[in-house]
Amino acid sequence: MVARIATLFVLLFWLPIITTSSSSAAGSSLSVCIVGSGIGGSSVAHFLREYASPSASISIRVFERHGVVGGRMARVNVGGDSFEAGGSILHPKNYYALNYTRLIGLKIRWPNASSASDGRDDDGDFGIWDGKGFVFKTWRVSTKLPFVDKIVSFANTALLFWRYGFSLIRMDNLVQRTVNNFLKYYESTESRPVFETVDEMLKWAGLYNLTEHTLEEELISTGLSPLLIRELVTVITRINYGQSVSISGLAGAVSLAGSGGGLWSVHGGNWQMAAGLLNHSNVDLHLHEKIQSISNLGNYYELNSSKGNSYKCEVAVVATPLDEVDIRFDPPISIPPRKLQHTHATFVRGLLNPAYFGLGSVEEIPDLVGTIEDPGLPFSSISVLKRHNEKEVTYKVFSRVAMEDTLLDQIFSVRKETIRIDWGAYPHYEAPEVFAPFILDGQHLYYVNAFENAASTMETSAVAAENVARLILSRHFGHVPLKLSGSESSAVDEGGLHLDL
């Protein structure tokens with residue numbers, strides 16, 4: 001009897017320790033499945049690795065339906081040259097993207113770089129076409145003398161002020177206020193909350209009000225002239241989002257920020273950021289594997305793929321727009337209806353027809369032709385990507401509908417090669433915006449692209465992904481077990497990052 005009591009006492013003594021140890025071991029492991037290998041999905045993988053404690057064992061699978069990673073950061077080959085077909089430019093204050101290049105070791109292509117990765121000439125001239133003529137054109141002077149470039153730049157600035165006046169300053173003030181508010185997302189995680197909804201995230205940064213009104217309403221209330229809104233602002237929103245100034249104010253302000261100076265890209269293609277992050281994050285990558293269904297089976301999610309495979313994960317992350325994919329959810333999820341704005345990118349190697357623009361020679365056509373909002377205009381913009389010689393240039397044409405051959409033969413006098421790409425590029429913005437939740441089922445099914453209704457860029461996807469990664473860790477472990485190491489600065493140390501830049 002004494003022996004039995006002693007044995008029982010020992011078991012009772014050790015049971016809490018065994019239970020606690022077992023529970024702790026289970027709680028320190030996590031399996032995550034990410035659908036989509038673009039900047040959003042690769043950023044989630046990166047920040048999960050970056051923020052997780054060294055004691056946490058996290059396995060990450062990433063599924064990509066195509067044969068290459070990068071999502072909408074894609075390239076196109078035209079006549080042996082490679083050009084950006086999707087997300088092309090980044091803002092100088094896109095700190096996550098800049099940090100990715102430093103982490104992975106990518107080469108940045110800054111404006112006016114002597115050797116362009118895609119052959120673009122950032123010193124080209126710009127014109128606004130109304131279907132009958134150019135209502136505004138900047139000057140272009142072919143020279144290698146820096147002081148001449150500065151004189152021409154000053155003259156073009158004077159031209160802008162002559163036509164649009166001090167409304168340009170008011171527009172810039174709106175953009176700077178928006179950018180400064182957006183910079184709050186780079187603050188230390190000690191002072192920055194983890195957000196469960198897009199609404200909370202925007203309100204915290206002082207950006208939510210911009211989503212409740214159209215860009216046109218915001219600009220009118222700011223005091224911009226109708227001429228500036230009708231011409232320059234409209235050209236910018238048509239180029240960047242394929243939409244008019246009726247888009248929501250925040251998306252519009254982000255679009256205007258994307259037309260400023262200091263814009264950059266990655267030498268050799270922006271898709272390398274996604275590839276590098278996935279490689280650096282040690283993920284199990286599944287190419288050519290489309291996820292067809294995601295089922296919540298209680299303690300885990302089951303993902304079934306087009307290859308007939310099934311995968312079990314404790315956390316599932318959707319990092320691709322749900323608007324035009326046919327993933328089945330069990331139980332069904334409910335998100336606000338949203339349609340994507342399709343942009344048709346047509347790449348032409350040939351030569352523009354000056355007669356179409358009412359000009360006498362092709363040299364008179366600006367390197368970037370933007371258009372006003374007019375249903376009779378067949379394209380949003382035409383830009384020069386690379387000048388091969390006097391009789392052969394590679395162009396990129398943006399339009400809202402596909403460009404037929406008969407139309408292209410009117411616009412171009414020569415077409416040696418034509419490539420068409422139909423992008424479901426970004427949401428069709430409407431104010432006031434309504435947002436899908438980051439957590440789709442109230443449990444552990446997450447949606448990175450919920451933030452796209454605020455603004456759709458490579459950097460906003462990275463910012464949303466960073467929040468989702470912290471949300472996953474905080475809800476699974478009860479807190480975000482931040483890794484206190486030098487690498488933490490690559491994710492959240494804004495001060496050090498600004499100093500390095």
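**Chatting through a predicted fold**

Colleague: Hi! Which residues does Ile294 touch, not counting residues up to four places away in sequence?

Modeller: Leaving out residues up to four places away in sequence, Ile294 touches Val35, Tyr301, Glu302, Leu303, Ala316, Val318, Ile327, Arg328, Phe329, Asp330 and Leu445. Keep in mind that this is a predicted model.

Colleague: Okay, and which residues touch the most other members of the largest nonpolar core?

Modeller: Ile294 is one of them, along with Leu202, Met273 and Phe357. That core has 144 residues. Its largest share, eleven residues, comes from helix H12, which covers residues 458–477.

Colleague: Can we look at one pair? How far apart in space are Glu217 and Gly249, C-alpha to C-alpha?

Modeller: They are 7.8 Å apart, while 32 residues apart in sequence. Glu217 sits in helix H7, residues 215–222. It counts as partly exposed, because its relative accessibility is 44% and that falls between the 20% and 50% cut-offs.

Colleague: Switching to helix H2: is it mostly covered or mostly uncovered?

Modeller: H2 is mostly covered, with twelve of its 13 residues buried. Among those buried residues are Ile39, Val44, Phe47 and Leu48, and the list also includes His46, Glu50 and Tyr51.

Colleague: And what does H2 reach from its first C-alpha to its last?

Modeller: H2, which runs over residues 39–51, reaches 18 Å, close to the 18 Å expected at 1.5 Å a residue.

Colleague: Now a helix pair. At what angle do the axes of H4 and H5 cross?

Modeller: They cross at roughly 100 degrees and come within 8 Å of each other. H4 is residues 146–164 and H5 is residues 167–182.

Colleague: New topic, the backbone. Where are the cis peptide bonds?

Modeller: One joins Asp330 and Pro331, with omega about 0 degrees. Pro331 is in the loop between strand S14 (328–330) and strand S15 (340–352). Another joins Ala431 and Pro432, with omega about -5 degrees. Pro432 belongs to the loop between strand S19 (412–427) and strand S20 (445–447).

Colleague: Which residues other than glycine have a positive phi?

Modeller: Asn282 is one, with phi near 55 degrees, and His288 is another, with phi of about 55 degrees. You'll find Asn282 in the loop between helix H10 (271–280) and strand S9 (284–286). His288 is in the loop between S9 and strand S10 (291–296).

Colleague: Last one: is Asn282 buried or exposed, and what about His288?

Modeller: Asn282 counts as exposed because its relative accessibility is 60%. His288 is exposed too, with a relative accessible area of 52%, and the cut-off for exposed is over 50%.

Terms used:
Residues numbered from 1 in each chain as written. Predicted model: local features only at pLDDT ≥ 70, side-chain atom pairs only at ≥ 80, totals over all residues. Heavy atoms only, no water. Helix = DSSP H or I, 4+ residues; strand = E, 2+ residues; numbered from the N terminus. Buried < 20%, exposed > 50% of the residue type's maximum accessible area, 1.4 Å probe, protein only. Expected span 1.5 Å × (residues − 1). Axes fitted to C-alpha atoms, helices over the stretch in contact; angles between N-to-C directions. Core = buried A, V, L, I, M, F, W, Y, C linked by side-chain atoms within 4.5 Å. Contact = heavy atoms within 4.5 Å.
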